[in-house]
Amino acid sequence: MKKLAVFALLLLPFMGWAQDVFIQHANGREFTSLNGKWKYVLDPYEQGQIGFMPVYENVKQKDKSDRIEYSFDDAQSLWVPGAWDAQKPELAYYEGSIWYRKTFDKSDLSNNKRYFVYVGAANYKSTVTLNGKVVGTHEGGFTPFAFEITDLIQEKDNFLIIGVNNSRLNDGIPSKVTDWFNHGGITRDVLLVEVPKTFVSNYFLSLDKNSLNAKSKKINGKLQLNGASFPQKARIEIPELKVNEEINVEADGGCNFSIDVKNMELWSPGNPKLYEVSISAGNDKVTDQIGFRTIETEGKKILLNGEQIFLRGISLHDENPLRADRANSVDDAKLVLGWAKELGCNFVRLAHYPHQENILREADKMGILLWEELPLYWGIDWSNPEVLENAKRQYSEVINRDYNRASSIIWSIANETTPSDSRNAFLGAVAEHVRSLDNTRLLSAACKKDQPGDGNTAKYYTINDPLMKYLDVVSFNEYLGWYGGLPDECREKVISSDEDKPIIVSEFGGGALQGFHADSLTRWSEEFQEYLYHESINMFDKIDGLAGMTPWILVDFMSPLRQLPNVQDGWNRKGLISEKGYKKKAFFELQKYYKKKEAEYK
Ligand code: GCB
């Protein structure tokens, strides 16, 4: 018996790391929040068992002679959602497994319903179990997953145990080294979602580009139902646009449709108009708030709803610096987007992985455009086919989640990766995958600039990564004046690309300790950072085809790579705002430029 249990656990890692079904807009469904205090058991040797007892079996001592070697009942608690490192000093740098337990009753169970455990995100590998049975596993620290528990849930005494392992892996996405903190645990909401036997699991709506200039616009869409049998019809309602259409459901539960609408207001930063959209089929109905816009390129321009736009952006990590924790709430989203607005931004780069869903929904409401990406970052194992499958799966998950968000306009498929045959083939396949799922957004990647070389003088940089052929927008990171050289060297440089495509400077910047003042050549002073911004902005503003920028970064963020005492102390100091929320001088330098750009593009 014992041998069997151990064998089952050894098999765990080899089960597919995939979810049963994707549930779009989980908190727009009927749900019970499972957030709050969860008991936890540490599993530093990552065995899935303590004292030869599987942790997810929730063993309890039966009598005084009985041997148990863990006990959730007597264990301490962690708060969900939240990173474990933010909650317990002894877990500050913990990397490994922790098993979380939540007990709950569900007295109104119905035979006409299906039940799912939905997890907004848990970093990095998760094993979800209910009442002693494994219901699924998931890999990826920033995308949501759901597993069905209809056959296992009981009216009383359910125990949901989720094992989360944040070990950094050579074949992980991201890989072993990142310039951000490896926050561990269940970092986003956990919900018990209940839906009818057949339900609308996913829906994708967008404005047809070809109807942009027509009086009557066209919404294209796709639905996916999930269940053992399907009704013949589904219905789409957009009351404000007087849309109430019946559509045919195909044999596999899918349906494609297109609907003509009159008098539609387009979504834009100046008018972030959202429509209430309801989708129903059989006994299920889900309601969402959706904006409609188009995003395209024309030569070196980016066009939003057919009009040229300049992306006044800033980069951001998904952290609440004040709590030194992963962001996970509407308030967290409002805090950082509020700062971005104050800076004069109409665009935010959500670096370097999918951020919490709340920030997309808030950006939709506030009229802020977004760049999204997966952590295809330094050190990826490009020649490993399983890593490619993992990347595609994580992309499917984030596209499923965010497809309907008008604010999200760019998928970036990589950050600072060095060209090679295996890397080019991998990212080419990712680009194809992303396009096949979503042709309503632009593709880009934050590339490295080419060094001055053959045919170039030291004065010129070119950006001609072989990846460009897959992309709509050329983007690159450039740290002249910080990593190499001093800011005045920016005066000499000329940056160009051979592509007839818009250019975004996806990163530039330098560190400053807020409150440290000195002359502009003193490293870490606010004055140095301000000077660097001044020179960098002048250099980039001259680029032919510059369509926007997302300097690095809005707020100081946690990073184990940054250990300089009394300056960094574990924080990357390239923020324009400190982790306490105080603005540095460079904030106002960039704000000044963005005011000018806003006036230019009026
Ligand atoms: C980069 C990376 C970013 C780092 C940044 C830095 O190029 O893309 O993740 O945090 O530089 O501060 O060095």
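Author: Glu30, Lys106, Asp108, Lys113 and Glu194 are linked in a network of salt bridges. The model is a predicted one, and the salt bridge count over it comes to 46.

Reader: What makes the pair of Glu95 and Arg168 a salt bridge?

Author: The side chains of Glu95 and Arg168 come to 2.8 Å, N to O, and the cut-off for a Lys or Arg nitrogen and an Asp or Glu oxygen is within 4 Å, so the pair qualifies.

Reader: Why is Glu95 called partly exposed, and why is Arg168 called partly exposed?

Author: Buried requires under 20% relative accessible area and exposed requires over 50%, with partly exposed in between. Glu95 has 32% relative accessibility, so Glu95 is partly exposed; Arg168 has 37%, so Arg168 is partly exposed.

Reader: How do you know that Lys583 and Glu342 form a salt bridge, and which parts of the chain does the pair link?

Author: Their side chains meet at 3.0 Å, N to O, and this value is within 4 Å, so the salt bridge is counted. The pair links distant parts of the chain, with Lys583 in the loop between strand E38 (571-572) and helix H7 (585-600) and Glu342 in helix H2 (residues 330-343), 241 residues apart. Lys583, with a relative accessible area of 26%, is partly exposed, and Glu342, with 40%, is partly exposed.

Reader: What is the distance between the closest N and O atoms of Asp556 and Lys584, and are these residues buried or exposed?

Author: The closest N and O atoms are 2.8 Å apart, and Asp556 forms a salt bridge with Lys584. Asp556 lies in the loop between strand E36 (546-549) and strand E37 (557-558), while Lys584 lies in the loop between E38 and H7, 28 residues apart. Asp556 is buried, and so is Lys584.

Reader: Why is Arg423 called buried?

Author: Arg423, in helix H5 (residues 421-437), has 0% relative accessibility, and buried means under 20%, so the label applies. Leaving out residues up to four places away in sequence, Arg423 touches Trp382, Thr417, Thr418, Asp465 and Leu467.

Reader: What makes the link between the side chains of Arg423 and Asn424 a polar contact?

Author: The side chains of Arg423 and Asn424 are joined at 2.8 Å, and the cut-off for a pair of N or O atoms is within 3.5 Å; residues adjacent in sequence count only if both atoms are side-chain atoms. The link joins side chains at 2.8 Å, so it is called a polar contact.

Reader: How do you know that Met53 is buried?

Author: Met53, in strand E4 (residues 53-54), has a relative accessible area of 10%, which is under 20%, so Met53 is buried. Apart from neighbours within four places in sequence, Met53 is in contact with Gly48, Val59, Arg67, Ile68, Glu69 and Tyr70. Met53 and Ile68 are 15 residues apart in sequence and 8.0 Å apart in space, C-alpha to C-alpha.

How values were computed: Residues numbered from 1 in each chain as written. Predicted model: local features only at pLDDT ≥ 70, side-chain atom pairs only at ≥ 80, totals over all residues. Heavy atoms only, no water. Helix = DSSP H or I, 4+ residues; strand = E, 2+ residues; numbered from the N terminus. Buried < 20%, exposed > 50% of the residue type's maximum accessible area, 1.4 Å probe, protein only. Contact = heavy atoms within 4.5 Å. Polar contact = N/O pair within 3.5 Å; in protein donor to acceptor, adjacent residues only side chain to side chain.
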